[in-house]
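Dear colleague,

Please find the structure below, handed over for your own work.

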Amino acid sequence: MIGIIPSAFEDQNDVKAENIHAFIQRTFGAQVEGINWFSTYHIHHRVASRFRQGRIFLSGDAAHIHSPAGGQGMNTGIGDALNLSWKLAAVLQRKAALSILDTYEEERLPFAELLVNTTDRAFKRMVARDKTSQFFRKHIFPPVLSFLFRFPYPRHKAFTILSQIRIEYRSSDLSSGKGTNVQSGDRLPYVEGNFEYLQSINWQIHVYGTAAEKLKKSMQEKDFSLHEFSWNPYLKKAGLQKDALYVIRPDGYIGFISSEQRIDLLHQYLNTHKILPFTNE
């Protein structure tokens with residue numbers, strides 16, 4: 001059980017489990033026969049002002065801490081770690097410019113600030129003790145949410161929020177080129193056949209449609225993996241553009257888009273950030 005210390009014990013510095021036995025039994029109708037672990041803790045909502053200072057990087061709970069409302073803490077920490085780790089690996093292996101490390105804070109700090117603000121508001125609503133809040137929590141929210149989640153769109157929207165696949169880095173220095181619905185900086189939509197290639201955690205080129213022979217030859221010379229996918233109506237529904245060139249980052253986000261498969265712009269993007277593929281996939 002997780003709950004708020006009853007108001008009668010708020011002034012106590014060291015609340016023991018036995019102090020609230022009667023409250024638990026009266027409130028939940030639960031008979032407490034044994035306790036393996038009991039502790040109290042305080043909720044904090046904080047974000048570091050910087051995620052990088054020289055050679056020091058912050059991620060996970062060291063960078064941001066907030067209420068467990070929504071269960072977003074672990075996912076966010078993992079997202080930080082992945083975002084930073086492939087960039088560190090690229091720089092250490094001389095497969096990317098040193099400046100690529102600046103994009104870690106640029107991409108992850110804004111999301112952390114948004115997350116902390118939203119979980120803070122959600123937590124306050126969850127624990128508010130005024131009669132209006134209690135009435136809404138007990139009589140309004142449960143039936144309304146139950147009704148909404150009968151429909152595909154609200155369920156999908158909730159999934160994208162809680163799974164964090166809605167996160168985008170469109171304003172990042174690593175995002176360049178313009179698409180139609182899916183933009184550079186967006187997470188590449190999973191469509192049939194492309195997920196297995198993303199497991200390589202490497203830079204790669206995707207073309208959903210037909211890749212020009214010049215593009216294939218150019219990427220082969222640079223040792224970049226190029227994957228060509230047969231076009232079908234579902235790809236358009238997913239937001240992808242037919243015959244467009246997509247540069248996919250090691251973390252599965254789109255770094256560069258060229259609707260016309262402009263090889264010169266592709267080389268310019270790669271040269272700007274000194275991007276080279278990792279040797280071992």
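R50 is partly exposed, with 42% relative accessible area. Please note that the model is predicted. The side chain of R50 forms a salt bridge with that of E105, at 2.9 Å from N to O. E105 belongs to helix α3 (residues 102–127) and R50 to the loop between β1 (46–47) and β2 (52–53), so this pair ties together parts 55 residues apart in sequence.

In total, ten salt bridges were counted. Another of them pairs E107 with K87, again at 2.9 Å from N to O. Because E107 lies in helix α3 and K87 in helix α2 (residues 73–92), parts 20 residues apart in sequence are tied together. Both ends are buried: E107 has a relative accessible area of 4%, and K87 one of 0%.

A further salt bridge joins D186 and R170, whose closest N and O atoms are 2.8 Å apart. Both residues lie in the loop between α5 and α6, so the pair links parts 16 residues apart in sequence. D186 is buried at 10%, whereas R170 is partly exposed at 44%. Through shared partners, salt bridges also connect K87, E107, R249 and D251 in one network.

In the loop between α5 (152–163) and α6 (195–198) one also finds G185, which is buried at 0% relative accessibility. The C-alpha atoms of G185 and R170 are 4.1 Å apart.

Finally, helix α4 (residues 131–148) contains L145 and has a kink of about 40 degrees at I140, shortly before P142.

Kind regards

Definitions and conventions. Residues are numbered from 1 along each chain as its sequence is written. This is a predicted model: local features need pLDDT of at least 70, side-chain atom pairs count only at pLDDT 80 or more; totals for chains, interfaces and linings use all residues. Side-chain values use heavy atoms; hydrogens and water are left out. Helices (H or I, at least four residues) and strands (E, at least two) are DSSP runs, numbered from the N terminus. The bend at a residue is the angle between axes fitted to the seven residues ending there and the seven starting there. Buried means under 20% relative accessible area, exposed over 50%, partly exposed in between (1.4 Å probe, protein chains only). A salt bridge is a side-chain nitrogen of Lys or Arg within 4 Å of a carboxyl oxygen of Asp or Glu.
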